[in-house]
Amino acid sequence: MGSGSAKSNKVQVQKCERASISVPAATAMRAALLIQRWYRQYVARLEMRRRCTWNIFQSIEYAGEQDQIKLYNFFGYLMDHFTPASNERNLISHIFRENEVIHDIEWERYFCYKNIEVPEYYTGPHLAFPLTVTNVTDMVEAFKKKQQLHSRYVLQLLGETWKLLRVLPNINHVSTCHTKEITICGDLHGHLEDLLLVFYKNGFPCMERPYVFNGDFVDRGKDSIEILLILFAFFLVYPNEVYLNRGNHEDHIVNLRYGFTKEVLGKYRQHGKKILKLLQKIFSWLPLATVIDQKVLILHGGISDTTDLNVISKMDRHRYVSTLRPPKKRSRVIKAKQEDSDPDDDSVSQKAGDIRKRRVRSLTNGSSVLPRHEHQRYSLQMQSSRVGKSVEEEIQERRRRVGLSLSCSHLQSSVSSDSDPDSCDLLEADADEWKQIVDILWSDPMPQDGCVPNEVRGGGCYWGPDITEEVLGRHNLQLLIRSHECKQEGYEFCHNRRVLTIFSASNYYEVGSNRGAYIRLGPNLVPHLIQYQASRTTRELTLRQSVGRTERSALRALREQLFAHKSDLISAFQMYDPEHTGMISLRHWASAMETVLRLGLPWRVLRSQLVSSSTHEGMLDYHQWIKELAIMEPNTELAHTSLLETMYKQHSNLETIFRIIDTDNSGFISFEEFRQTWKLLSSHLKTEISDKAIFDLAMSIDFNKDGCIDINEFMEAFRLVDATQLKREDSSIGVVPTDLLQPDKP
C-alpha cells in the first residue's frame, strides 16, 4: 500500500514537471518582462524618494549657512558703523579681536599647561612629549572607551601643534612612490566612528602610509575635539606623512553655531576658554591646500575664475582667523602701553618697530583697546544708562551719516567706517587675498559653464567645467580633489572626471542617509575609492527600510521649518484666498510654500507626504493643515506668545548670539544680557520686540529666581519636538525602536 502511494506521488511529480516545461517560451518571457518592469519602477520610486529626502536635508543645511553669514555680516556692520562707546558694539566687539598684535612668547605663556596638575584619580590616557606612536594609539583606545584626555595634555598637545604649523607653507607638496599610496579623507564633522573605521580598514598613519585630511574636522558631530587631538597627535609624530588642510568649519565664528564651541566648553569646563583660544590660533595656521606630484590639487571647497595658487602660496594665512569677514590693515601704527597681562584680555602689547616680527593682527579695526577692567562682564544695565539710543536708532543714525541704505544681505561690502576715529581701510590686495581664501573654502562645482556667486551657501562661488579646465591648465594640474559637500555614495566625479568630491562622514544627516568614503592615490594618480557605513544597524537594513527611515527624519526636519514659519505661510496662503474661505488650490499651496521658505524643493512631489486629510476636491483647508503638522509646542505658559515663533524660527541665531554675549563662557547670562540678545536679534530681523515681552520671558524661565538664565536649558526648553516621534517613543518603551532617531545637530 505504501509502495503504491509512493508510485502515485512520483507520477504526479513527473506530470507537474512536464506541465511546467510545457509553458510556452513567449509566456515565460512576458512574465519575466513584467517582473523586471515592476522592479525597475519600484527602484525608480525609491530613488525618487531618496533624492527628495536628500534635497530636503541639503536645502535646510545651506539655509542655515546663509543665516550664519547674514548674522555675522550684521555684527560686522555694527562694528563698522556704531560708535566705539556703543553698548551694543561692546557686546560683540570681542569676537572681532581675533588677531591682537602680541608676541608669540606671550601667547605661549598664556597657553602654558605647567601649572595644571593631573590628579591621582585621573584614569584617562597619559602623554609624554615628544609623542610616540604608543602614546597616540593609547589615546585612540581611550577615546574608543569614551575616556577624556586631561586638559593639561590637551593644552600641551595643542601648543606643540601650533608651533609646528607655523613653519609650514600655505600649500603642502607631497610626492608618491611605488612603495606607498597616499590616503585622502574628506569631511569628518565630529564623527569619530568614521575616523576609527578608516583607520581599521586602512591602518594608522605611518611613514609607509601618509594621509591628507581635507578639512571640516569639527562641528555637527559630538566628538570633534577627540578627532582634532588624534589628527594633531599623528601630525606631531609623523609631520612629513600627515597633512591637514583647513576647511570652512575651522573657524571660531562658525563653531559658535554648529556645536564645537558648546562641545569644548561642556567637556573642559575649567580650561575650555583657553583651549578654544588656542584652537582659534591653530585653525588660522592650518595650510590651505596640498599638491601631490605637482599634478593633483587637494583643497576643501573649490576654485573660482580668479583662483591663483601663486597668490595663495604667498599670503599670510594666519591673518584670516575667520574667513567670514575680510581683515583690515591699520591706517596708522597705534602706540599702546605694553602690559604684563593675559593675552586673552582685550589689552595688547605692541610697538611701532614690531611690524617685521611674526604677530597676529586685528581683522576688524585699529582702535586702541580698552584695559581688562573695562571689558570684564558687569551689569549691562549700567551701560544702558550711559547709552540712550536703542540699536535701531543707532543703526539708522549711522546709516544716515554714511549715506547707507543697505540691507543685511549686502553688508559684506561695508568695510569702511567714518564714525570710529581709529578706523582702517581694507586694501585692495587684502580684498583679493580674502576672496582667494573664501573661494577655496566655500565654493561648489556646477554643471554649467561660468562662475557665479554661491547664493545658496551665502559664501564662495559656483564654478563650471570651463573654469576647472582653465585653472587646472594654467597650473599644469590634471585633477582637483575637494570635499565640502555631502554625497550619498561618499564621493562624486564631475567636470569630465577632473573634479572629485570626497566626503568621509557617513550617516551625516541621519543614520542611513549617506555612505562615507576615502581615496587611495598611488604613483599613477588614479584615485581608488573605498566606501563604508559606520553604523552596523544601517548595514542590516533593506533599501526600502533605509530610505523610509531617512525620509521620516527629513520630513520631521521639514515640518519643524514649516511650523516655525506658520504665520508667514498663513499670510501667503491668504494672498491666494481673497474671499477668506480658508481654502486654496494645491497649486497655490506649492507656490506659497516656496515663496516663504525658499528652499528650492519639489513641493508638488512632497505634497503627498505633507498634505493628507486637509484636502477636499483638490482644495486645501490651510488652517487645518497648519494644525496637522504634527509639531508639538513646548509649554506656552513659559513664554510670551509674541516671541514663540521668533524663537522657533531663529533658534540657531539666538544660540549664536547668546554664546557671543557669554564672554566668560560660563553658560549663564544675566537678565540684561538676555534683553540685549533679543534687541540684537530684533535689529538683525528688523522687527520690534518690546522690553516687557522680553522681561516676561526671562522671568518665566528663571526657575530658581537667581537673576541668571542657563543658555542650554533655555534653548532646549523651546526646541520644537515632533509629536509623532514622541508617540513612537512612548509606544516602544522596552523595545528596540523601528526608527533610529538622530539628535538635533547644533
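In the predicted model, arginine 497 has a relative accessibility of 55% and is therefore classed as exposed, the threshold being over 50%. Arginine 497 belongs to the loop that links strand S11 (491-494) to strand S12 (499-502). Its phi is near 65°, a positive value in a residue other than glycine. Arginine 497 also lies over the face of phenylalanine 493, at 3.9 Å from the ring centre.

A positive phi is likewise found at arginine 220, where the angle is near 75°. Arginine 220 occupies the loop between strand S3 (211-213) and helix H8. With a relative accessibility of 11%, arginine 220 counts as buried, whereas arginine 497 counts as exposed. Most residues other than glycine have a negative phi, and most peptide bonds are trans. A cis peptide bond, with omega near 0°, joins phenylalanine 129 to proline 130. Proline 130 is located in the loop between helix H4 (104-110) and helix H5 (133-144).

A search of the whole structure returns 19 aromatic pairs. One of these is formed by tyrosine 39 and tyrosine 42, a tilted pair with 6.4 Å between centres and 35° between planes. The two tyrosines are three residues apart in helix H2 (residues 25-81), so about one helical turn separates them. Tyrosine 39 is partly exposed at a relative accessible area of 48%, and tyrosine 42 is also partly exposed, at 22%. In the pair of tyrosine 491 and phenylalanine 493, the ring centres are 6.4 Å apart and the planes stand at 80°; the pair is therefore edge-to-face, a class that requires an angle over 60 degrees. Tyrosine 491 has a relative accessibility of 28% and counts as partly exposed. Phenylalanine 493 thus takes part in this ring pair and also has arginine 497 over its face.

The largest nonpolar core comprises 62 residues, and the most contacts inside it are made by Leu149, Phe213, Leu229 and Leu279. Helix H8 (residues 224-237) supplies the largest share of this core, eleven residues. Leucine 229 touches Met139, Phe143, Leu149, Val154, Leu157, Leu158 and Tyr268, when residues up to four places away in sequence are not counted. A second, separate core contains 36 residues, including Phe503, Leu555, Phe573 and Leu620.

An unreviewed UniProt entry places the feature "domain: EF-hand" at residues 564-599, 649-684 and 689-724. For residues 564-599, the end C-alpha atoms lie 14 Å apart, and the span is 64% helix and 8% strand.

How values were computed. Residues are numbered from 1 along each chain as its sequence is written. This is a predicted model: local features need pLDDT of at least 70, side-chain atom pairs count only at pLDDT 80 or more; totals for chains, interfaces and linings use all residues. Side-chain values use heavy atoms; hydrogens and water are left out. Rings of Phe, Tyr and Trp (its six-membered ring) pair if their centres lie within 6.5 Å; planes under 30 degrees apart count as stacked, over 60 as edge-to-face and the rest as tilted. Helices (H or I, at least four residues) and strands (E, at least two) are DSSP runs, numbered from the N terminus. Buried means under 20% relative accessible area, exposed over 50%, partly exposed in between (1.4 Å probe, protein chains only). A charge sits over a ring if NZ of Lys or CZ of Arg is within 6 Å of the ring centre and within 35 degrees of the ring normal. A nonpolar core is a set of buried Ala, Val, Leu, Ile, Met, Phe, Trp, Tyr and Cys residues joined through side-chain atoms within 4.5 Å. Contact means heavy atoms within 4.5 Å. UniProt positions are given in the numbering used here, feature names are shortened, and annotations may be inferred rather than shown by experiment.
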